[in-house]
Amino acid sequence: MKLLFWMLRETGGGVSPRRSARIVLGGVIVVLFGLSGRLFSLQVWHHDDYLAQRHANSTRTLTLPGTRGSIFSEDKVCLGQTTFSGASLVANPRAVPGDQRAEVATRLASLLGQDGDYARNVENQLYERRDKYYYCIEREVAIDATAKIDAELRLGNLPGIELRAIETREYPLGNFASHIVGFVGRDMYGQEGVERALESYLAAKPGKRVIAVDALGHPIENIDDRIEAAQDGASVYLTINSGIQAIVEDELHSLVDMWEPETVSVIVMETNTGAILGLANYPSFNPNSPGSDAAARKNIAITDPFEPGSMFKPLIVCSAYQRGLLTPTSLVEYTPELSIPGRKKQITDHGHEIPNEYWVQWNGRSCVTVNRALVSSSNTVMTRIGLLLGCDELYDSITKCGFGRRTGFDLGGPRFGESAGVVRPLDKWTVPSSIPSVSIGYEVQVTPMQMLNCFNAIANGGHVYKPWVIGRVVGPDGKVLHEGKPEILVESGLSEEVTRKMMNETLKGVVEDGTATGAQLKQYRIAGKTGTAMKVKNGQYSEDKVCSFVGYAPADNPVISVIVVVNEAHGKVLNKYGWPIRHYGGTVAAPTMSRIVLRSLKQLGVPEDMPEETASKD
Amino acid sequence: MGYLTVSRTLRNAYLLNILALVGVGVVMVFSSSAIRVVPGAEIDPFVFIKRHLMFVGLGIAGMAVVARLDYRLWQKFAKPIYLLGLALLVLTLIPGVGTEFNGARRWLRFGGVGIQPSDFAKLALLISAATYAAVRRNELGSIRRGFLPGCMFVGIYVVLTMAQPDFGTSLFLAASSFVVLLAGGLRVRHLAIAALIVLPFASIVMYAKFDHIQDRIMTFLDPAKDPRGKGHQVKQSLIAIGSGGMEGQGLGNSMQKLYYLPEQETDFIFAVLAEETGFIGSALTLVLFVSLMIIGTKVAARAPDRFGSLLAIGITAAIGLQAAINVAVVTASVPTKGIGLPFISFGGSSCFFYLVGAGLVLSVARRCVSEKEAFALLQQEMAGERLPESARLSARARRIVASS
């Protein structure tokens, strides 16, 4: 006001219209002062608010990728690793000046060896995405083109274009142990196997870099450049022994070539710990290009249950031994056929009756020892033993050996589709039928892993371990983040005496002069049991069979337990007399199992346990 | 230089004030435009500042020449000047002669240099209005002989500018020339009545006809509605100003000029200035404009004749109005309007003609006599000394001397 007064005072003439002009001028001055008040409000009172807006406006958070951890076998063979190789071609369409789009597109097309249509397409894409910060032109660029583009980039001829290294997950050994290792998706996220189970360990923790950028997305150096370094993923060491795994895969291939089966599962387990030394399935897949065949990617060793047939019998017998009902030399009445009242189908030993020479006449009845019955895999005797035990005892011993529940395998569990198998609850058992069926390995379904786990308990004196394959997880700084160790899943309740003495002798007999003579080795004594189970198709038992063999070696001091499950072998193999070999566990699975045992024990350096006998036989 | 004894302080103060503003302009145009270097594109970072310096140089030369000339020369040539402005405005509207840019014909191109005739028109209209008001000083109070003809010759310019279309400049032309006419004796009552009749009608036509005016008003009412579009500029401008704080981010450190804020070296240069120099810098710039207006008003008050006084008032009002409107736009206090900040914004012809206008004020200031000086002159004359030419010319000085 004082100013206005001063100005008015200066008006010499005192003419009223002049005063009005001066009021206008004074008004403008007042407005300018008012605006400085507005400036004060914006710049001083609301400064923090606008500073935050400016910050949000002009900073971008870049992700700094770390490297995903590698996967190694127990003996440090790399099974999966991340490499940065090749380059993809990306654009920041905002940073491509509008008048240079056509030029950039044409130049790129010629560098990539493409034609004019390609150039026009790129130009259109750049135009359509002109408000965007990212557009991937080529996911992968050939190496020679990469070099040429790089040269042009250095010359500054390609504004807004960038080459970025491609992160690749590489599985150097291809199909090798693929069902264990698993694979990652395009987003580097584990999809199966160890890659999936240990995602949180393997995944790198990406770093952050906050940079200031101009409105076109160009980074501005030296302003607001904060870096939070990326953390690489941890490395995983499996319990898989690459030598044994190679042997397993090799033998599996030979078996597939010979017998042309639908599926095969082979597992090698360390007897005293439950650690998995090798695991392979057929069909398998190459994790470098997993494809879409879900059946091939499935780890059928844990997902697909089957009726075990005769492989189940040692468990029944162990149970009877444990309860003191029988000893290996106890005599049981033997008839090649057995009719159960109320059961339609007879139990028979058709095709593998126990030869007369083993029969013992007692009280006018033909009897055999329990030992011989198991060695010859007699169905009728097993049914009698099952009836002797009763359903409560049977059910108890089955569940105590880990059947009907998941194995606790560290690559298992519901999210990996692990099956618990099928053990019917007692109240669903039917009176005339269930005990005979269960006694000979039907009406129950088990996975290869469960079966091996149960046999491993017989081999190690009664401990049912959780199978495990993750040995160690080592952080990028060398710190051990996780150490695998044997864990008991359940105590079978079988004693050392029963398993290591009574049953061991019997199972050795199976290989020596029983159903699995094809598994005999000169160097090592194997203990095991064959299984030949008919498959149910369309509600009836069909001609297709599951041929299997499970065992451990060396029999008297077991180191490894091995299972081979061959599902629906179709191959016709002739014996030396020109007759086709029939498909049994002893003929199809046992030879493969024994070769795996031989080579694996050699690989592990286990001393031969019957050198003199070999010498005398030769 | 014999007659520089008179009103030297006022003149020097005005000149210094102008040069200070021009200096701020040069620094800010450089700071806000040098960044326009797109990697890969061959653009000289100095291209804007070079052109700005060229126009500033031409403008200062023009100012020096005009300041030395007798301003009453322009009163004699008022008619040709008015007609020249008219001709240029008409030329701009002819397709093929006027250059269209952003949907409006505002430019005339001579070789590589673009000129906005409306910048010349501003000055031409001010000279004409001052002449008109000085010549018809006794008739301005009447509607028929003073008001209506005045409206007529201002109106022709206004309509031609509006046809470009340049709504902002036409409004500005009307405002600054009516200040001159009011100062010359036009009755406020007449103007108010005319405004009451014309404005509602005109504003409805404007609002309906020009989409961009609608957009700008809607944007002003709710800037958040379309932050990436029309509201973008205002929002970015506020962010620039607000993030300046008290002391600013430092010269050259504006973030918003990095393509976030459109027109950062022309209409929105004040936002960059506020961001880089903070409240201290932006308020000081406003103070420079206020002091320029005060000195200009003093020049007008001391002018030796009516034409000079009205000319000084007109130019002072034009500078002050344009600065106020620009700062109001940039601070989102009024709807967006494309109008530069005098002396500071990059913009060839605008800068040039404002400097020439400042030369006119300086030329008036040369012949100013204050009461104290008039008294001194009287004593000198009584002592028989030869008075400077400017003092002898000064009617006001005579009047003061006579009245004492």
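Let me begin with chain A, where five strands form an open sheet in the order β11-β10-β25-β24-β23, with antiparallel pairing; two strands count as paired if DSSP finds at least two bridges between them, and helices (H or I, at least four residues) and strands (E, at least two) are DSSP runs numbered from the N terminus. This is a predicted model, in which local features need pLDDT of at least 70 and side-chain atom pairs count only at pLDDT 80 or more, whereas totals for chains, interfaces and linings use all residues. Residues are numbered from 1 along each chain as its sequence is written, chains are lettered from A and ligands numbered from 1 in the order in which they are written, and side-chain values use heavy atoms, with hydrogens and water left out.

Coming back to that sheet, β11 (276-282) and β23 (527-537) of chain A stand at its edges with a single partner strand each, so one side of each is left without a neighbour in the sheet. Neighbouring strands here are turned by 10° against each other on average, direction ignored, where axes are lines fitted to C-alpha atoms, for helices over the stretch in contact, and angles run from 0 to 180 degrees between N-to-C directions.

Another is α19 (residues 496-513) of chain A, which touches β23 and β24 of chain A, its direction making about 70° with that of β23(A).

Tyr282(A) and Pro283(A) are joined by a cis peptide bond with omega about 0°, and Pro283(A) lies in the loop between β11 and α11 (294-297) of chain A. A cis peptide bond also joins Ala553(A) and Pro554(A), with omega about -15°, and Pro554(A) is found in the loop between β24 and β25 of chain A. Elsewhere, Ser377(A), although not a glycine, has a positive phi of about 60°, and this residue lies in the loop between α14 (370-375) and α15 (379-389) of chain A. As background, most residues other than glycine have a negative phi, and most peptide bonds are trans.

Now the interface. How many residues of chain B are in contact with chain A? There are 60, and they meet 44 residues of chain A. The area buried between the two chains is about 4,400 Å², of which carbon and sulfur atoms give 70%; buried area is the accessible area (1.4 Å probe) that two parts lose on being put together, summed over both. In chain B, Met255(B), Tyr260(B) and Phe279(B) lose the most area to chain A, together 13% of what that side buries.

The count of salt bridges between chain B and chain A is one, a salt bridge being a side-chain nitrogen of Lys or Arg within 4 Å of a carboxyl oxygen of Asp or Glu. Arg54(A) forms a salt bridge with Glu275(B), the closest N and O atoms being 2.2 Å apart. The largest share of the side of chain B that touches chain A, 16 residues, comes from α11(B).

Methods. Contact = heavy atoms within 4.5 Å.
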